[in-house]
Structures are given as structure tokens and as C-alpha cells.
Amino acid sequence: MFLKIPPPIFVVIALLAMYGCKLFLPLWQFKTLWIIAIPLIIITVTIGFLSILALAKADTTISPFTPEKTARLVTRGIYQYSRNPMYLSLLLLLIAAVFISGALSSVFVVIAFLLVVNHYQIKPEEKALMHLFGDEYRHYCLHVRRWL
């Protein structure tokens, strides 16, 4: 089963949920930590750009809804460090948002994002890629971690 919400929209929903946590579940509030958030946002943009660039260079799909249309297995560039750099960049963006929000309760949203994306998006994608690329993908999985 695939996630039916595009991951960027899911991140917007997560950001709104984080704001709700800050308002309605203010566990431990802390001062906004821009010194951590800004570098995380820069890393987020860089990883996102490099992942899209690697897929474009390989002339394969970037759509999370059609992993079966993947033309080739991309294992170079940013994909030699993470099997899911686009999802990693979205996760890092949410972590940056925790430091911007100043609400520890927003960490619950980050955990929920991680669990939902792992179960409903990444695992089905991995299954499709295993079907398409077999041993080549299995070998790749042994050498490159899912997230980082």
C-alpha cells in the first residue's frame, strides 16, 4: 500500500501538526534555535537538489507513486550514502522545524512522519525495486542504509 498523499504535501500537513502541538500540547517550550535550524535547512535543500539531479541524470522517475516505472537503479551521487535521500531531506526539514518551533512536543510529529513514510512509502517502493532489479537492488541494500 502506497501513501496517497504526495510527500511534500504530507510535510506541509506535518508542519501544521507541529504548529498545533506548539499551541495545544506545549510540553517543554524552548527558545528558537536558529543556529541549528539554518544549517539543517541548507543541508535539506542540498540533499533534495542532489537527489533530484541524480535521478534526472539517470533519466528515471522521481514520482513516489510509480516506483515500477523506474528505468534504472541509481546508486551514484547522493544515492551512494542514502537509499532515500529525498525522504531524508524532508525528515531533516521537519527536524529543523522542531528547532524553529521551540516546542519539544513537535518531535512527536517527526516520529509519526518517520513511521508513516517508512511503512506506507519506502517499504512498498523497496518491494517494487526488488521486483525490478533483483540481486542488484539486494546488493545495493546491503551496502547503503535506508536513511543515512
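In which helix do Y137 and Y140 lie, and how many residues apart are they? Both residues belong to helix α4, where they are three residues apart, about one turn of the helix. The structure is a predicted model, in which local features need pLDDT of at least 70 and side-chain atom pairs count only at pLDDT 80 or more, whereas totals for chains, interfaces and linings use all residues. Residues are numbered from 1 along each chain as its sequence is written, and side-chain values use heavy atoms, with hydrogens and water left out. Helices are DSSP runs (H or I, at least four residues) numbered from the N terminus.

Packing of α1 against α4 was examined through the helix axes, which are lines fitted to C-alpha atoms over the stretch in contact, with angles from 0 to 180 degrees between N-to-C directions. The axes of α1 (residues 7-24) and α4 (residues 107-143) come within 9 Å and cross at roughly 155 degrees. The two helices are therefore roughly antiparallel to each other, a term applied to angles over 145 degrees. On the α1 side, F10, V11, A14, A17, M18 and C21 meet V109, V110, F113, V116 and V117 of α4, contact being defined as heavy atoms within 4.5 Å. The residues of this contact divide into 11 nonpolar, no polar and no charged; Ala, Val, Leu, Ile, Met, Phe, Trp, Tyr, Cys and Pro count as nonpolar, Asp, Glu, Lys and Arg as charged, and the others, Gly among them, as polar.

Y137 and Y140 form a tilted pair, at 6.1 Å centre to centre and 50 degrees between the planes. Y137 counts as buried because its relative accessibility is 3%, and Y140 likewise at 7%.

E68 is placed in the loop between α2 (34-57) and α3 (85-101). This residue is partly exposed, with a relative accessible area of 43%. Not counting residues up to four places away in sequence, E68 touches A128 and L132.

Technical notes
Buried means under 20% relative accessible area, exposed over 50%, partly exposed in between (1.4 Å probe, protein chains only). Angles under 35 degrees count as roughly parallel, over 145 as roughly antiparallel, 65 to 115 as roughly perpendicular and the rest as oblique. Rings of Phe, Tyr and Trp (its six-membered ring) pair if their centres lie within 6.5 Å; planes under 30 degrees apart count as stacked, over 60 as edge-to-face and the rest as tilted.
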